[in-house]
Amino acid sequence: MQRNTRQREAIRQVLQESGRPLSTREVLEAAKEKVPGLGIATVYRTLNSLLEEKEISAVELPGETPRYEVAGKHHHHHFHCTVCGKVFEIENCPGDLERLAPPGFKAERHEIVLYGRCPECPPARKP
C-alpha cells in the first residue's frame, strides 16, 4: 500500500472532481494547482499505482494515449472532442447490441466512442 502523500491526494482529488476521463497531462496541470512543483514522473508513478490498486480505470481510445477515471462507475461510453481532444462520459447506452453481431456470433462486451465537437469548441467554419 502506498503512503498518502500530498501529491497522491491531489491527483486523487483531481480525478474525482473532474467528472470526465483525464489524460496524464490534464492530471498534471490540474494537480499542480493544488501542489505546485508536481512533476510528470510523479503523476505517471501515482497513476500506475492507483491503477494497480484498482482505484482508477484506464479509458483506452483507438490511436490515443490512455485517459483515467475513477473506478467503479456503472457501464458508460465516451465522447471524444476532435477539436480540443477532451474526452467526456456518456451516461446512456443503446443497450443490448447482440443484434448487431453476425449470425452465430456471441457478443460479450462493447465500447462506443462518439467523435465530434464539445460545446466549448467553436463550430466549424463554412467555406
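Mentor: Gladly! Contact means heavy atoms within 4.5 Å. The model is predicted, so local features need pLDDT of at least 70 and side-chain atom pairs pLDDT 80 or more, while totals for chains, interfaces and linings use all residues. Residues are numbered from 1 along each chain as its sequence is written, and side-chain values use heavy atoms, leaving out hydrogens and water.

Trainee: What do the buried residues of helix 1 pack against?

Mentor: They pack against helix 2 (24–32), helix 3 (40–52), strand 1 (56–59) and strand 2 (67–70). Helices (H or I, at least four residues) and strands (E, at least two) are DSSP runs, numbered from the N terminus.

Trainee: Why is Arg8 called buried?

Mentor: Buried means under 20% relative accessible area, exposed over 50%, and partly exposed in between (1.4 Å probe, protein chains only). Arg8 has 4% relative accessibility, so Arg8 counts as buried. Glu53, at 30%, is therefore partly exposed.

Trainee: What makes Glu53 and Arg8 a salt bridge?

Mentor: A salt bridge needs a side-chain nitrogen of Lys or Arg within 4 Å of a carboxyl oxygen of Asp or Glu. In this pair, the closest N and O atoms are 2.5 Å apart. Glu53 sits in the loop between helix 3 and strand 1 and Arg8 in helix 1, 45 residues apart.
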